[in-house]
Amino acid sequence: MPTKKLINDPKNIIEEMLEGVVRAHPGHIRQVPGSPRSVVAVSGPRQGKVGLVIGGGSGHEPTFLGFVGEGLADACAVGNVFASPPPDPIVECAKAASGGAGVLFMYGNYAGDVMNFDMAAEMAAMDDIEVRTVLTTDDVASAPLDQKSKRRGVAGNFFIFKIVGAACDKMLSFDECERVARKANDHTFTMGVALSPCSLPHTLKHNFEIGENEMEIGMGIHGEPGVAREPLRSADAVTDEIMDRIFAELPTRSGGKVAVLVNSLGSTPLMELYVMNRRVHQRLAEKAIGVHATWVGNYCTSLEMAGASITLLALDEELTELLDHPCDCAMFRAG
């Protein structure tokens with residue numbers, strides 16, 4: 001049986017979504033004339049400020065386009081559902097974000113994105129825009145720690161983009177913004193659990209199959225295989241398994257602090273997320289690790305997939321200051 005969606009012609013779904021987003025948030029974002037897949041902050045580039053361009057496939061909203069705004073990303077290139085944006089809108093984003101101090105490309109570590117953003121960087125160089133790239137690799141389930149460069153970027157993008165956007169907004173140098181980006185990525189750890197699949201608008205079919213009483217620990221946001229398929233267990237047991245895997249890598253020790261994100265993959269309601277968040281805080285308290293700030297909700301989704309992810313950001317003084325730096329985008333405010 002096909003799945004149910006509130007859509008029109010699936011061929012037009014991205015353009016219709018973008019029209020709706022821009023009409024909802026005209027004080028934050030606009031589309032580049034002639035390049036509707038290039039979404040930029042209405043505040044525009046500042047001379048001497050490092051530009052931050054993010055992007056990726058649609059279907060993960062509010063990631064990526066929801067994180068464009070003052071104190072955050074300057075522009076976002078929008079791809080088709082679960083597909084990288086092509087080079088042209090990325091280049092237009094680079095042009096729109098350029099204030100003469102260089103442009104930082106940041107996006108999840110997926111082959112299609114790497115190829116297209118690298119091509120766009122070469123094209124931008126022809127317009128005398130210096131581009132550097134920092135990939136996000138926060139998904140601890142996607143590769144062993146000694147192969148961190150192969151990991152995927154998932155919900156931890158929320159923290160990483162927030163911190164780097166603050167560094168750019170504070171007018172730090174290009175070298176410093178790049179350093180902060182790599183540091184933020186290295187201090188961010190995410191793992192998720194999937195309970196049911198999503199379906200793509202143009203197929204209306206599930207993108208993977210999972211049993212009624214099963215869950216998959218570590219499944220990716222496009223349905224990539226996780227680390228274990230197991231019988232569905234209680235919220236505390238699932239949270240414990242995720243936290244144990246994150247604790248195995250988290251550098252924070254007793255007396256330190258973290259920021260917490262409990263994220264819905266699409267259809268998991270706030271009620272269940274808050275139950276998980278309760279257990280996250282219990283586990284951190286057991287280790288005498290403080291919580292500086294917590295976010296709970298839809299921040300990096302996979303269409304209507306049921307499931308959730310937990311992200312911990314290991315904080316120090318520098319990262320805390322940047323996390324608290326004011327920002328104002330379509331999806332949230334801080335400071």
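Analyst: **A close look at helix 4**

Helix 4, which runs over residues 157-169, has 13 residues and spans 17 Å from its first C-alpha to its last, close to the 18 Å expected at 1.5 Å a residue. Please keep in mind that this is a predicted model, so that each value below is computed from its atoms. Helix 4 is mostly covered, since 13 of its 13 residues are buried. Just after helix 4 comes Met171, and there the backbone takes a positive phi of about 65°.

Is Arg151 buried or exposed? Its relative accessibility is 0%, and because buried means under 20% relative accessible area, Arg151 counts as buried. The side chain of Arg151 makes a polar contact with the side chain of Glu249 at 2.6 Å, and it also reaches the backbone oxygen of Ala143 at 2.8 Å. If we leave aside the neighbours within four places in sequence, the residues in contact with Arg151 include Asn109, Thr136, Thr137, Asp139 and Val140, and also Ser142, Pro144 and Leu145, together with Ala143 and Glu249.

Arg283 is found in helix 7, and with a relative accessible area of 10% it is buried. The side chain of Arg283 makes a polar contact with the side chain of Asp240 at 3.1 Å, and another with the side chain of Glu286 at 3.3 Å. Not counting residues up to four places away in sequence, Arg283 touches Asp240, Met243, Asp244 and Phe247.

Helix 7 leads us on to the pockets. The second largest pocket has a volume of about 200 Å³, and of the 14 residues that line it, the closest to its centre are Leu195, Leu232, Ala235, Glu272 and Met276. Strand 8 (188-196), helix 6 (235-247), helix 7 (270-286) and strand 13 (306-315) are the elements that give two or more residues to the lining of this pocket. Which of them gives the largest share of that lining? The answer is helix 7, with four residues. Sorted by class, the lining of the second largest pocket has nine nonpolar, three polar and two charged residues.

The largest pocket holds about 270 Å³ of space. Its lining is made by 14 residues, and among these Ile13, Gly59, Glu61, Pro201 and Leu303 lie nearest its centre. Helix 1 (residues 13-24) gives the most to the lining of the largest pocket, with three residues. Eight of the lining residues of the largest pocket are nonpolar, three are polar and three are charged.

The peptide bond from Glu61 to Pro62 is cis, with omega near 10°, and Pro62 sits in the loop between strand 3 (51-58) and strand 4 (69-70). The peptide bond from Thr63 to Phe64 is also cis, with omega near 5°, and Phe64 likewise has its place in the loop between strand 3 and strand 4.

Asp128 lies in the loop between helix 3 (111-125) and strand 7, and its phi is near 60°, a positive value in a residue other than glycine. With a relative accessibility of 74%, Asp128 counts as exposed. Ala288 has a positive phi of about 60° although it is not a glycine, and it is placed in the loop between helix 7 and strand 12 (290-297).

Note on methods. Residues are numbered from 1 along each chain as its sequence is written. This is a predicted model: local features need pLDDT of at least 70, side-chain atom pairs count only at pLDDT 80 or more; totals for chains, interfaces and linings use all residues. Side-chain values use heavy atoms; hydrogens and water are left out. The expected span of a helix is 1.5 Å times one less than its number of residues. Buried means under 20% relative accessible area, exposed over 50%, partly exposed in between (1.4 Å probe, protein chains only). On a 1 Å grid over the protein atoms alone, a cavity is a set of points where a 1.4 Å probe fits but cannot get out, and a pocket is an open set with protein on both sides within 12 Å along at least five of seven lines; lining residues have an atom within 4 Å of a point. Grid points are joined across faces, edges and corners, and a volume is the space filled by probe spheres set on the points. Ala, Val, Leu, Ile, Met, Phe, Trp, Tyr, Cys and Pro count as nonpolar, Asp, Glu, Lys and Arg as charged, and the others, Gly among them, as polar. A polar contact is a pair of N or O atoms within 3.5 Å; within protein, one must be able to donate a hydrogen and the other to accept it, and residues adjacent in sequence count only if both atoms are side-chain atoms. Contact means heavy atoms within 4.5 Å.
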